[in-house]
Amino acid sequence: MTTTSTTANSPNKTPRRSSASASTIGGGYQLEVANLTKRYGDAVVVDDLTFSVPPGRVTGFLGPNGSGKSTTMKIMLDLASASEGHATIGGRRYRDLANPARTVGAIIESDAFHPGRSGRNHLQILADATGCNYARVDEMLEEVGLIDAANRRAGAYSLGMRQRLGLAAAMLGEPPVLILDEPGNGLDPQGIRTLRDLLRSHASSGGTVLVSSHLLAEVEHLADDVIVINQGRLVVQGALDDLQQSAALVRTTDPDLLARQLERAGATAERQDDDGLIVHGISLAEIGAHAFTAGLVVHELSPHAGSLEQLFLSWTTDSETTEEVIEL
Amino acid sequence: MTMTRLIRAELRKLTSTRMPWAFLLVLLTIAAINAFAVIAGTDFDGSKGFISTEADQQSLVAFAANGFILAALFGAIAVAREYGHHTVVPTFLASPKRHRAVLAQLTAVATNGAVLSLVGAGLTIAALALSLPTTEYNFLISANHVAQILAASAFAGGAGAILGAGIGAVVRNVGGAVTGAVLALIVGPPLVVQLANGTASWMPNVLATVLAGVGNDVSTPAAVGALAIWGLVPAVVGVLAVERRDVV
């Protein structure tokens, strides 16, 4: 096991790196969500959602509050039923997996423990239920930095410690698939970094990681791919690098005229500085052609790497949800 | 996932919080009240006639009816709190075929309920035995009757716990589940008896006294079956509800 030891004695000490980095995680489980719809009465929470999550990569699952992320994850884990469509893990529904809890590690509720029970007891119960060795319990407590607080009541844990306990529970069975709903909530910067290292290590070992988060900066550092949903519908999915490069910066003598030309062609353009435009939905060559047609002098025409936050806002603030899929 | 593992996990859940200790405290209190009654209590004529015969003493320590109610409250709290604290989430992740998880939970709760009730009966009998030397009477209950009281208490405790667990699984809220158990066992039966003639013999407290050997309203096998039905009907409803509903 390639772990780095820690010297701090505080319960808040830095978690250790996962042993997942030491070995290749077998299986190559791909997650598939196909035409998933979930209705509660008249309310459609998830609306004909289709996406896939490949192994060996960290996939960020993004969307505004109430967009259906958690519901989708619960359906993937058979905690909720789908009104239509289905979700599979390695081609099988969760309930049909041979040993589901050792195939998929999940964080769905950050406080899914009895406050009067110790952290160690909580993990021992999970070890009992999943058939894990008890030695693995202390190993995980050590890895997430909770070993010194293992016999304390979990109700007395800080939010960050609870998240670490949840992470330890998810990783207890050494599962090849991780489905984590907001695992970074309440973690301090060290905890965030350790989580990032742990998930990246898991993916690089062949594991499949689907992680939802509203911390866009965290996802930007963590995810290889992103899936964005809004109002239960898919907005965009693809490799984060490609998505971030999908905009163009153009500087010209009359940006307003060029913006009108481009918008007529179906692109979106927003002003940047005095003479610049950020353009989405059209290629560099087409932008150049439109500028030429309009008789404009172009000072600069280059790919524009937008921040995830900018992209996220542009994807999720439109009144109509549109789907954009960039092939991986 | 084997049932043995699931049951082991459920047993650990029940024994890794303070709840069993709280119930043990209740049992000790009941035993202490019984002991105080033996030491200080008298009949209207000032005598201690209420402990003068084996039947009198057996009535005093027939714990099965109390065990049924206490175990029902235990089961209701044990299961409903699983939903309140979301600890059913890892349970159903480990066993997505939920009926298996619920059956494991019912098994564990029934075992704990039986043990609690058995301990309650044992404490009550011990309290009687320890307090009798302060009176002119000896301990008169035969070994066979002691065994019957203990067995009846254990059985009633198991059945009561299953009843409470079923209510807990349906209601999924500790306050609501406890209220449901109180309505089902304390408030409901007298109302039913008033509304429907001939039902008194089939109420759980009466059935429990039959099992403990201090009542003869129905036969012992009938009492066993009826008390089991009292527990199983809510439990089956609970299993069906858990299978059908979204977990969170």
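Predicted model: local features only at pLDDT ≥ 70, side-chain atom pairs only at ≥ 80, totals over all residues.
Residues are numbered from 1 along each chain as its sequence is written, while chains are lettered from A and ligands numbered from 1 in the order in which they are written. Local features need pLDDT of at least 70 and side-chain atom pairs count only at pLDDT 80 or more, but totals for chains, interfaces and linings use all residues.

**View 1. Chain B has ten helices and zero strands.** Helices (H or I, at least four residues) and strands (E, at least two) are DSSP runs, numbered from the N terminus. Along the sequence, the pattern of chain B is α-α-α-α-α-α-α-α-α-α. The C-alpha atoms of chain B fill a box of roughly 60 × 40 × 30 Å along the principal axes. Of the 248 residues in chain B, 50% are buried. A buried residue has 20 or more other C-beta atoms within 10 Å of its own; an exposed one has 12 or fewer; a partly exposed one falls in between; C-beta atoms are placed from the backbone.

**View 2. B:Ala37 sits in helix H2 (residues 19–40) of chain B.** B:Ala37 counts as partly exposed because 16 other C-beta atoms lie within 10 Å. B:Leu60 is 23 residues from B:Ala37 in sequence. In space, the two are 9.8 Å apart, C-alpha to C-alpha.

**View 3. The largest nonpolar core has 163 residues.** A nonpolar core is a set of buried Ala, Val, Leu, Ile, Met, Phe, Trp, Tyr and Cys residues joined through C-beta atoms within 7 Å. Residues with the most contacts inside this core include A:Leu77, A:Ile179, B:Ala64 and B:Leu211. Helix H6 (residues 98–131) of chain B gives the core its largest share, 16 residues. Apart from this core lies another, of ten residues, among them A:Val250 and A:Leu258.

**View 4. B:Leu211 has contacts beyond its neighbours within four places in sequence.** Two residues are in contact if their C-beta atoms, placed from the backbone, lie within 7 Å. Among the partners of B:Leu211 are B:Ala64, B:Phe155, B:Val224 and B:Leu227.

**View 5. Chain A meets chain B through 29 residues of chain A and 24 of chain B.** Helix H2 (100–103) and helix H3 (119–130) of chain A each supply at least two residues of the side of chain A that touches chain B. H3(A) gives the most, with seven residues. By class, this side of chain A has 14 nonpolar, eight polar and seven charged residues. Ala, Val, Leu, Ile, Met, Phe, Trp, Tyr, Cys and Pro count as nonpolar, Asp, Glu, Lys and Arg as charged, and the others, Gly among them, as polar.
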